[in-house]
Amino acid sequence: MKIHCTQLNAVKCISRIKDHFTFQVKAKNLELKLSLPETKEETVIYADADRLDQILNNLLSNAIKFTEKGRIDVAIEQTPEETVFSVTDTGVGISPEQIDEVFERFHQAAPGVAGLTGVGLGLTISKRFVEMHGGRIWVESEPGKGSIFYFAIPRKLKGSS
């Protein structure tokens, strides 16, 4: 699979994704908040819009799935080199033993948790798409307190100035 990068406004991308999840968040009585850069500069990135949407969809779907109460925050921060997205939840969290495995195929971070289903491919796919953009993805988590999934995409295409 190839990616087709174009110039995108990252804030518009996550705002659109937030709108897509409004019903699911309300159905679980959760709060969904966007934390956006406090700058007048447009948050421009070069990315494949469809793949970026899939990454954000996978991370938000998981956050909603694994959060029974509280909130989910989606944030963007920019450095001169990259745009960092994060999805923070107040869900079940991931044990230290499983942190290194969450991006592996068919791995489920909370196997056996009642009512939670999935085949364990969403994070693997997200990792692949982030890497196709020349980026990186990682997670910080504590059982019972929630997780923060980060991914960073370079602000410029390789070879551009």
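**View 1. Asn29 sits in the loop between helix H1 (10–27) and strand E2 (31–35).** Helices (H or I, at least four residues) and strands (E, at least two) are DSSP runs, numbered from the N terminus. Phi of Asn29 is near 60 degrees, a positive value in a residue other than glycine. Asn29 counts as exposed because its relative accessibility is 69%; the classes are buried under 20% relative accessible area, exposed over 50% and partly exposed in between (1.4 Å probe, protein chains only). The model shown here is predicted: local features need pLDDT of at least 70, side-chain atom pairs count only at pLDDT 80 or more, and totals for chains, interfaces and linings use all residues. Residues are numbered from 1 along each chain as its sequence is written, and side-chain values use heavy atoms, with hydrogens and water left out.

**View 2. Here is the chain as a whole, with its four helices and seven strands.** Starting at the N terminus, the elements run β-α-β-β-α-β-β-α-α-β-β. Of the 161 residues of the chain, 43% count as buried. The accessible surface comes to about 9200 Å², and 50% of this belongs to carbon and sulfur atoms (Shrake-Rupley method with a 1.4 Å probe; for residues, only the protein chains shown count as cover).

**View 3. Asp53 and Arg16 form a salt bridge, their closest N and O atoms being 2.9 Å apart.** This pair links distant parts of the chain, with Asp53 in helix H2 and Arg16 in helix H1, 37 residues apart. A salt bridge is a side-chain nitrogen of Lys or Arg within 4 Å of a carboxyl oxygen of Asp or Glu. Asp53 is buried, with a relative accessible area of 16%, whereas Arg16 counts as partly exposed at 40% relative accessibility. The structure holds six salt bridges.

**View 4. Lys28 pairs with Glu68 in a salt bridge, with 3.3 Å between the closest N and O atoms.** Lys28 lies in the loop between H1 and E2 and Glu68 in the loop between H2 and strand E4 (71–78), so the pair ties together parts that are 40 residues apart in sequence. Lys28 counts as partly exposed at 23% relative accessibility, while Glu68 counts as exposed at 59%.

**View 5. Helix H4 (residues 122–132) has Leu123, Thr124, Ser126, Phe129 and Val130 as its buried residues.** These buried residues pack against helix H2 (49–65), strand E6 (136–142) and strand E7 (146–154). Take Val130: at 0% relative accessibility, this residue counts as buried. Leaving aside neighbours within four places in sequence, Val130 is in contact (heavy atoms within 4.5 Å) with Ile55, Gly135, Arg136, Ile137, Phe151 and Ala152. Val130 and Ala152 are 22 residues apart in sequence, and their C-alpha atoms are 7.6 Å apart in space. Just after H4, Gly134 takes a positive phi of about 80 degrees.

**View 6. Ser95 is found in the loop between strand E5 (82–89) and H3.** With a relative accessibility of 18%, Ser95 counts as buried. Glu97 lies in helix H3 (residues 96–99) and counts as exposed at 60% relative accessibility.
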